[in-house]
Amino acid sequence: MAAKHDQMRNTNTLLVLDHIRVNGDSTRRDIQHATGLSWAAVSNISSELIERNVLYELPPQTKFAGRNPGSLDFIPKRNLTIGLELNAEGLAVLLFDLRCSIVDSLIEPLRSTERDRVISQMLSAVDRVIKRNSLKCADLLGIGIAMQGSVDSQGTTSLYNSFFLDWRNVPLKQICEDHFHIPAHVMHDPVCIALSEQWNRKLGPEDDFALIRLSYGIGMCYIAHGYPITGSQGGAGEFGHMVVNPQGPPCSCGNSGCLECYSSIRGLAHRILEAHQRGELSLPANLVHVDDRDVVGMKSLLAWGAKEAQTGHPVINRLFCEMGQYLGAGLANIVSLFNPKYLILTGELLEYTELFWVQAEAKARESAWSFSDYQILFSAGGREGAAKGAALHYINSAFESMTSPLLAQSTPA
């Protein structure tokens with residue numbers, strides 16, 4: 001009986017906390033009416049959460065005759081979460097409160113792609129955010145890490161990133177937990193962006209969708225019944241490594257003709273360089289030697305190519321057109337396989353949609369299973385999206401899990 005009573009009390013406590021998260025500071029009477037809990041239950045739970053330093057009581061805002069009730073809200077700078085995104089373009093460290101609002105942020109380019117120096121810069125950046133906000137371990141629920149490349153299904157290890165040197169089986173969870181003494185969890189960056197989109201758009205369990213990130217590579221996450229499909233080893237969603245042309249160019253993964261070879265920043269940069277080498281176009285001297293890990297160079301090369309395409313360059317236009325057709329075929333395959341309600345596209349390549357999207361959408365509509373009814377949406381995404389999704393791993397758990405740290409906190413000495 002005691003265990004059943006404890007479970008019911010925990011469920012009711014999370015109900016109170018979730019009401020405050022969604023509706024903002026609330027009086028006990030507001031919470032009682034919204035949740036259907038008894039006055040005694042709301043009063044007891046509220047008092048315990050105040051004692052545990054989870055909530056505090058704001059003074060009354062109105063002055064009427066008699067006693068005016070104060071409202072309850074989360075204690076500022078307590079129960080925060082760090083969302084960290086680490087990719088070829090740099091790192092972003094964002095600090096979030098329980099409502100997933102940004103408290104602080106730090107974004108900077110990587111100084112090196114060497115494994116040890118990347119890790120050192122990452123730890124230093126998180127240290128700076130913690131220090132300048134005067135935080136202690138007890139103030140933080142965890143560190144969510146959004147990672148490019150491949151991630152294991154347990155959320156412990158970054159298995160591979162083709163942009164970093166000597167980056168295989170990097171135990172990021174252990175590295176962060178040993179350094180900060182705070183729980184950490186590693187996630188594939190498209191999964192993080194998908195969770196962020198789910199939060200921002202208020203999508204429910206019935207809103208299955210695929211999130212596709214068109215960046216230096218191509219990543220995907222599929223959300224089914226409200227939860228991401230990650231696969232048995234964490235490798236689900238490698239949309240960019242779907243082979244679309246077996247006779248195509250070599251890919252960084254070791255195969256040939258992957259979608260990334262045609263429809264990513266890196267793939268398009270390669271194709272422009274190859275056209276230059278064949279004498280089909282002439283590149284500016286500063287762009288001739290752009291390599292696979294030079295993200296600034298690849299971005300500059302793509303910007304140059306886009307300008308040429310806008311002025312009618314036939315070769316560049318053909319490359320963008322083919323990019324769109326291959327992407328559209330890939331999107332059609334997602335629709336035919338999963339029957340999503342939405343396809344949500346994000347990433348740096350969306351800056352150039354006028355050069356490829358007409359072809360991509362036409363191919364997707366033409367090739368997808370004809371009885372599928374779906375919408376295509378665009379999102380800015382960006383550094384905030386991936387970091388927010390990584391933080392949501394801990395924020396969502398704080399309001400849903402019977403092992404939530406919000407249920408067992410004590411006032412710090």
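Helices (H or I, at least four residues) and strands (E, at least two) are DSSP runs, numbered from the N terminus. I note that this is a predicted model, in which local features need pLDDT of at least 70, side-chain atom pairs count only at pLDDT 80 or more, and totals for chains, interfaces and linings use all residues. Residues are numbered from 1 along each chain as its sequence is written, and side-chain values use heavy atoms, with hydrogens and water left out.

**Entry 1: Ala 332**

I looked up Ala 332 and found it in helix H10. Ala 332 is buried, with a relative accessible area of 1%; buried means under 20%, exposed over 50% and partly exposed in between (1.4 Å probe, protein chains only). I then took its contacts, where contact means heavy atoms within 4.5 Å. Not counting residues up to four places away in sequence, Ala 332 touches Lys 363, Ala 364, Ser 367 and Ala 368. Ala 368 is 36 residues from Ala 332 along the chain, yet their C-alpha atoms are separated by 4.2 Å.

**Entry 2: H8 against H10**

I turned next to pairs of helices. Two packed helices are described by the angle between their axes and the distance between the axes. Axes are lines fitted to C-alpha atoms, for helices over the stretch in contact, and angles run from 0 to 180 degrees between N-to-C directions. Helix H8 (residues 265-277) and helix H10 (residues 314-338) have axes that come within 11 Å and cross at roughly 150 degrees. H8 and H10 are therefore roughly antiparallel to each other; angles under 35 degrees count as roughly parallel, over 145 as roughly antiparallel, 65 to 115 as roughly perpendicular and the rest as oblique. On the H8 side I recorded Leu 268, Arg 271, Ile 272 and Ala 275, and on the H10 side Val 315, Ile 316, Leu 319, Phe 320, Glu 322 and Met 323. I sorted these residues into 8 nonpolar, no polar and 2 charged. Here Ala, Val, Leu, Ile, Met, Phe, Trp, Tyr, Cys and Pro count as nonpolar, Asp, Glu, Lys and Arg as charged, and the others, Gly among them, as polar.

**Entry 3: H9**

I found that helix H9 (residues 295-310) has 16 residues and reaches 23 Å from its first C-alpha to its last, close to the 22 Å expected at 1.5 Å a residue; the expected span is 1.5 Å times one less than the number of residues. Among the buried residues of H9 are Met 298, Leu 301, Leu 302 and Trp 304. Their cover includes H8 and H10. After H9 comes Gly 312, whose phi is positive, near 95 degrees.

**Entry 4: H4 against H5**

I recorded an angle of about 45 degrees between helix H4 (residues 115-132) and helix H5 (residues 172-180), with their axes 11 Å apart. That makes H4 oblique to H5. Ile 119, Met 122, Leu 123, Val 126, Asp 127 and Ile 130 of H4 meet Leu 172, Ile 175, Cys 176, His 179 and Phe 180 of H5. By class, I noted 9 nonpolar, 1 polar and 1 charged residues in this contact.

**Entry 5: Arg 9**

I located Arg 9 in helix H1 (residues 2-23). Arg 9 is partly exposed, with a relative accessible area of 26%. Leaving aside neighbours within four places in sequence, Arg 9 is in contact with Asn 44, Ile 45 and Glu 48. Arg 9 and Ile 45 are 36 residues apart in sequence and 8.2 Å apart in space, C-alpha to C-alpha.
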